[in-house]
Amino acid sequence: MTRTAVLALVAGLALAACSSGAATNSELGTIEPGVLKVAIQPYAPYTDYKDRQLTGLDSEILNAVAAKLNLKVQPEVTDFAGMLAGVQSQRVDITIGGVAWSADRQKQGLFTDPPYYSPPAMAVKSDKTYKTVKDLEGLRLGTVEGYVWVKSIQAVPGAKLQAYPDGNGVIDDLGAGRADVGFLDPLIIIAAQKARPDLGLKTQYLTPPTDDDVKAKPEYEYFRSYMTSFYLPKQATALEAAISKEIRAMYANGEMTKLIEKYGGDPEQFLKPAAHIAPLRRGVDRPADWAPPTI
């Protein structure tokens, strides 16, 4: 091989390397090149940081995406308010775990496509069955202070809201018979079932209210499934687009299904969007023909 040919080959390899990752990495616009700074709160089994490792469902999804984008994940542990503030002030590149899409939040940041959907899960005693909002009337309904279900519960006729500082209080009172139904994120309930089988709890999914129901009582919105997405600064358009692309690829190749199953979730509940999901974002922060990812 001539010297000219060798130089041409080296140049070609360098160009190929750029096109396969390096150039893309530099164009993602992270605060520090090659690093993805992520804010989380301890919220197992969705997010946690132990032994210098990010753990949990959202963490595993982010780690898989970051690896494909040649980014090193750098965690920052804070609380929920700090997660949102870190993104909105551009101190971090992204936050994950329990950030529900809302029209107000998207005005101050960017949401990825949903890595999964959070179905309306209820923790109940194993000998009880509740299917619809009508079934909840007059019951003692528990959730955590400040959670999205507080307003929904307050709108149920005759129901008594029991709000707790954390999910443990909800689980304890359900097990002791001091509450009838607990509204928590589904993986929290599933984890509690495994950790405390003596309480005799099970997970049930509420039949979601119809569009007419929600029109009559807008507070019932969170008795339907909602989008939990990754949240980025408003300026991070390239990074958001790259992460959303990888999320969709994980739906298509089965990676997302395996992760949902690993944490005890039902892919039919977590990875198939309900009919009301797409209209929420169409014409707001997505095109008018946007279709949410699905298996």
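**Starting at Gln 106**

Leaving aside its neighbours within four places in sequence, Gln 106 is in contact with Trp 101, Phe 111, Lys 234, Val 284 and Asp 285; contact means heavy atoms within 4.5 Å. This is a predicted model, in which local features need pLDDT of at least 70 and side-chain atom pairs count only at pLDDT 80 or more, while totals for chains, interfaces and linings use all residues. Residues are numbered from 1 along each chain as its sequence is written, and side-chain values use heavy atoms, with hydrogens and water left out.

- Gln 106 lies in helix H4 (residues 103–106); helices (H or I, at least four residues) and strands (E, at least two) are DSSP runs, numbered from the N terminus.
- With a relative accessible area of 10%, Gln 106 is buried; buried means under 20% relative accessible area, exposed over 50%, and partly exposed in between (1.4 Å probe, protein chains only).

**The protein as a whole**

- Twelve helices and 14 strands make up the secondary structure of the protein.
- Taken along the principal axes, the C-alpha atoms fill a box of roughly 85 × 45 × 35 Å.
- The protein has 295 residues, and 48% of them count as buried.
- Among contacts between residues at least 6 apart in sequence, 69% join residues at least 24 apart.

**Helix H9**

- Helix H9 (residues 237–253) has 17 residues and reaches 25 Å from its first C-alpha to its last, close to the 24 Å expected at 1.5 Å a residue; the expected span is 1.5 Å times one less than the number of residues.
- The buried residues of H9 include Leu 239, Ile 243, Ile 247 and Met 250.
- An α-helix has 3.6 residues a turn, so residues three or four places apart point the same way.
- Ser 244 is also found in H9, and at 6% relative accessibility Ser 244 counts as buried.
- Not counting residues up to four places away in sequence, Ser 244 touches Thr 112, Asp 113 and Arg 286.
- After H9 comes Gly 254, whose phi is positive, near 90°.

**Aromatic rings**

- A search of the whole structure finds ten aromatic pairs; rings of Phe, Tyr and Trp (its six-membered ring) pair if their centres lie within 6.5 Å, and planes under 30 degrees apart count as stacked, over 60 as edge-to-face and the rest as tilted.
- The rings of Trp 149 and Tyr 226 have centres 6.4 Å apart and planes at 65°, so this pair is edge-to-face.
- The pair links distant parts of the chain, with Trp 149 in helix H5 (residues 149–154) and Tyr 226 in strand S13 (residues 226–228), 77 residues apart.
- Both Trp 149 and Tyr 226 are buried.
- One aromatic cluster is formed by Tyr 147, Trp 149, Phe 183, Tyr 220, Tyr 222, Phe 223 and Tyr 226.

**Backbone details in two loops**

- Most residues other than glycine have a negative phi, and most peptide bonds are trans.
- The peptide bond from Ala 44 to Pro 45 is cis, with omega near 10°, and Pro 45 is found in the loop between strand S1 (35–40) and strand S2 (48–50).
- Asp 51, in the loop between S2 and strand S3 (53–55), has a positive phi near 50° and is exposed, with a relative accessible area of 75%.
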